[in-house]
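Welcome, and thanks for taking a look at this one. Please have the model open while you read.

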Amino acid sequence: MIKVNLAKRIWLAFISLIVLVALSIIIIYPISIKGTLTEETYRLIETAQTRYAYPLLDLIDPRDEAGDFMDRREAGDIGHFFIHDTVGRAPVGDSFPPPDILLEMAQNAYKQEANRGRYEIQYGEATVFYVISKAQVQGTPGFHISYMWDTYRDQMVNRLWERLLYLLLLTSGLSLLPAIWLKHYLRQPLIVLGNHLEQIANRDWQEPLKWDGDEDFQRLSDQFEKMRQNLNSYDRAQKTFIQHASHELKTPIMVIKSYAQSVKDGILPKDNMEQTMNVIIEEANRMERRVVDMLYYTKLDSLKEETPKHEEIIFGSLAFQIEERFRVQREDVKIKVIGPETKIYGDIEQLEVLLENLVENALRYAVDTIWITAKELDDHVEVSVENNGEAIPEVDLPQIFNPFYKGNKGKFGLGLAIVKRIAELHGGQPKIENSEVGVKFIIEFPKPYKNPKDQPKSKKKEKKS
């Protein structure tokens, strides 16, 4: 494919249009125009024949001298003669065509049954048009033949060709003006868009783009602006992620480094070596958990482009496992599982991480009870984790699922962000509300579709990570 810029494309489009019009005229012209002029030639012959046969018509319907002069000048001479309806008698008249043409005219006259007929004959490179009418010749039946050479038609064709050529040249010249205007009209928004794209290529996406005018370009600018805003949001989120991650990892690294240096210098920060090593191990484990959370959060982001495989899961098989795992962390808190027979559909590993994070978060705030509940509703399955701790301030509720957002007892700020990401991967939506007894986290999962054809195309199944 030939690569050309926008200006050349516009010029090529206009030139192609002009060439197409010219070719159409060249092809159609000989068929339509020549046919029309041939019809006009016969009309002139028939009119002249009628007036020749009936001279009194000039008295009843006098011809305009200027118009008659123009007709005769354009058409040339129209010859008239008469022949008898019997062979052997000489034709009568003052203008006769060559003998070969005369013989064919006579043959056609003898064969003609209608009162008037139109004919044409080729003679060398010329054409003779003639009209035969039945008439009385010297008191006996005969034929009145009027003829004219193709001089008139050829002159008109040549004149029309000349005028058509002038018109085509004039049209081609005038078409340059809209071509120049269209080139500037199309290039202006594209230049503006190109400049903004170049800014984005240089990671400068602060300047907004708004184009008012043509609907198509305005829609394009709106799409571009939406892309710019998404890039800007992604850039801010990335910077925030790096800042928070650096801050969260800096503390355990400093503790490990200071304790290791103290041991090297022969100073024990704690009472003995075992306690000192326990602090180092605890901070290393803390740092490891944070790194694992960051990697897992990033991994969930990449799963959006994949087509995971889901399976049917009995809620109790997950919930009781989570309850057994966390009951020893706070012996004063009871974890109750409600609706264990409920079936959910999803990635078992991701759903396990989701429940772990919700229960771990609830353990930090619960007074003495946590409820893990699953129930089937009309169009979805609702999974909730509720604790009877203190309510969350209303101003904090919209930010709970944001990465690195920590409440007053929060740790790293990625647990609930991971919950939100897993819920979205399963086509669900996370919600949080202050309940009558404390705080309740709710995840709504769509019901599984028994028939794959019934499943909405926009919702993707997830596979195990």
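## Ground rules and overview

This is a predicted model, in which local features need pLDDT of at least 70 and side-chain atom pairs count only at pLDDT 80 or more, while totals for chains, interfaces and linings use all residues. Residues are numbered from 1 along each chain as its sequence is written, and side-chain values use heavy atoms, with hydrogens and water left out.

The protein has 10 helices and 12 strands; these are DSSP runs numbered from the N terminus (helices H or I, at least four residues; strands E, at least two). Of its 465 residues, 35% count as buried, where buried means under 20% relative accessible area, exposed over 50% and partly exposed in between (1.4 Å probe, protein chains only). Taking contacts (heavy atoms within 4.5 Å) between residues at least 6 apart in sequence, 66% join residues at least 24 apart.

## The five-stranded sheet

Five strands make an open sheet with antiparallel pairing, in the order β2-β1-β5-β4-β3. At its edges are β2 (92-93) and β3, each pairing on one side only. Two strands pair if DSSP finds at least two bridges between them; β4 and β5 are joined by 10 bridges in the antiparallel sense.

The loop between β4 and β5 holds Gln 138. Although Gln 138 is not a glycine, its phi is positive, at about 55°. Gln 138 is also exposed, with a relative accessible area of 60%.

Helix α4 (residues 99-111) has 13 residues and reaches 19 Å from first C-alpha to last, close to the 18 Å expected (1.5 Å times one less than the number of residues). Its buried residues are Ile 101, Leu 102, Met 105, Ala 106, Asn 108 and Ala 109. They cover an arc of only 165° around the axis, which puts them on the same side of α4; the arc is that of the directions from the helix axis to the C-beta atoms. An α-helix has 3.6 residues a turn, so residues three or four places apart point the same way. On the other side of α4, Pro 99, Asp 100, Leu 103 and Lys 111 are exposed.

What do the buried residues of α4 pack against? Their partners are β1 (79-84), β3 (116-123), β4 (126-137) and β5 (140-149). The helix lies across these strands, running at about 50° to β4, with axes fitted to C-alpha atoms (for helices over the stretch in contact) and angles from 0 to 180 degrees between N-to-C directions.

## Ser 133 and its neighbours

Ser 133 is in strand β4 and counts as buried, at 8% relative accessibility. Its bridge partner in β5 is His 144. Leaving aside residues up to four places away in sequence, Ser 133 touches Gln 49, Asn 115, Arg 116, Gly 142, Phe 143 and His 144.

The side chain of Ser 133 makes a polar contact of 2.6 Å with that of Gln 49 and another of 3.1 Å with that of Arg 116. A polar contact is a pair of N or O atoms within 3.5 Å; within protein, one must be able to donate a hydrogen and the other to accept it, and residues adjacent in sequence count only if both atoms are side-chain atoms. Ser 133 and Arg 116 are 17 residues apart in sequence, yet 4.3 Å apart in space, C-alpha to C-alpha.

## Helix α9

Because 14 of the 18 residues are buried, α9 is largely enclosed by the rest of the structure. Asp 347 caps the N-terminal end of α9, placing a side-chain oxygen 3.0 Å from the backbone nitrogen of Glu 349.
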